[in-house]
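Subject: Structure handover

Hello,

I am passing a structure on to you. Please open it first, then read the notes below.

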Amino acid sequence: LDIASGAGADRNHLKDALASGEGDRLLRRAVDQSLSRGAFGSPFFLVEDEPFFGLEKMELLEEWLASGGW
């Protein structure tokens, strides 16, 4: 809270938001959605239902994007 406040965030608003648990619910929903779509690690990219997993696949992803897919 001190760091966020020092950076200009509203301390009380942030404190209330953290206490509400909404962030936890949003994260759980995002993780569940990712798992249901096949994500199993990080980084994981899904482009038009084509999965790319791992940093070593970044060049392959760039090639896929440049060529418009397979």
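**Salt bridges**

Asp-49 is exposed, with a relative accessible area of 62%. Here, exposed means over 50% relative accessible area, buried means under 20%, and partly exposed is in between (1.4 Å probe, protein chains only).

A word on the source. This is a predicted model, in which local features need pLDDT of at least 70 and side-chain atom pairs count only at pLDDT 80 or more, while totals for chains, interfaces and linings use all residues. Residues are numbered from 1 along each chain as its sequence is written, and side-chain values use heavy atoms, with hydrogens and water left out.

Back to Asp-49. Its side chain meets that of Arg-37 in a salt bridge, at 3.6 Å from N to O. The pair links distant parts of the chain: Asp-49 is in the loop between strand 1 and strand 2, Arg-37 is in the loop between helix 3 and strand 1, and they are 12 residues apart. Arg-37 counts as partly exposed because its relative accessibility is 48%. A salt bridge needs a side-chain nitrogen of Lys or Arg within 4 Å of a carboxyl oxygen of Asp or Glu. Helices (H or I, at least four residues) and strands (E, at least two) are DSSP runs, numbered from the N terminus.

The structure holds four salt bridges. Another one of them joins Arg-11 to Asp-2, with the closest N and O atoms 2.7 Å apart. Arg-11 is partly exposed at 35% relative accessible area. Asp-2 is exposed at 59%.

Arg-25 also forms a salt bridge, with Glu-22; the closest N and O atoms are 3.1 Å apart. Both residues lie in helix 3, three residues apart, about one turn of the helix. Arg-25 is partly exposed at 48% relative accessibility. Glu-22 is partly exposed too, at 36%.

**Helix 3**

Helix 3 has 15 residues. From its first C-alpha to its last it reaches 21 Å, close to the 21 Å expected at 1.5 Å a residue. The expected span is 1.5 Å times one less than the number of residues. Leu-27 lies in this helix, which covers residues 22-36. Leu-27 counts as exposed because its relative accessibility is 55%. With Val-31 and Leu-35, Leu-27 forms a nonpolar patch on the surface, with about 270 Å² of accessible area together. Patches take residues with over 30% relative accessible area and no salt bridge; nonpolar side chains (Val, Leu, Ile, Met, Phe, Trp, Tyr) are joined within 5 Å, like charges within 9 Å. Areas come from the Shrake-Rupley method with a 1.4 Å probe; for residues, only the protein chains shown count as cover. Just after helix 3, Gly-38 takes a positive phi of about 105 degrees.

**Strands and aromatic rings**

Strand 1 (residues 44-47) and strand 2 run antiparallel, joined by four bridges. Two strands pair if DSSP finds at least two bridges between them. Their hairpin has two residues between the strands, and Glu-48 there takes a positive phi near 50 degrees. Phe-45 stands opposite Phe-52 in strand 2.

The structure holds five aromatic pairs. One of them is Phe-52 with Trp-64, edge-to-face, at 5.9 Å centre to centre and 70 degrees between the planes. It links distant parts of the chain: Phe-52 in strand 2 (residues 50-53) and Trp-64 in helix 4 (residues 58-67), 12 residues apart. Both Phe-52 and Trp-64 are buried. Rings of Phe, Tyr and Trp (its six-membered ring) pair if their centres lie within 6.5 Å; planes under 30 degrees apart count as stacked, over 60 as edge-to-face, the rest as tilted. Phe-40, Phe-44 and Phe-53 form one aromatic cluster.

Best wishes
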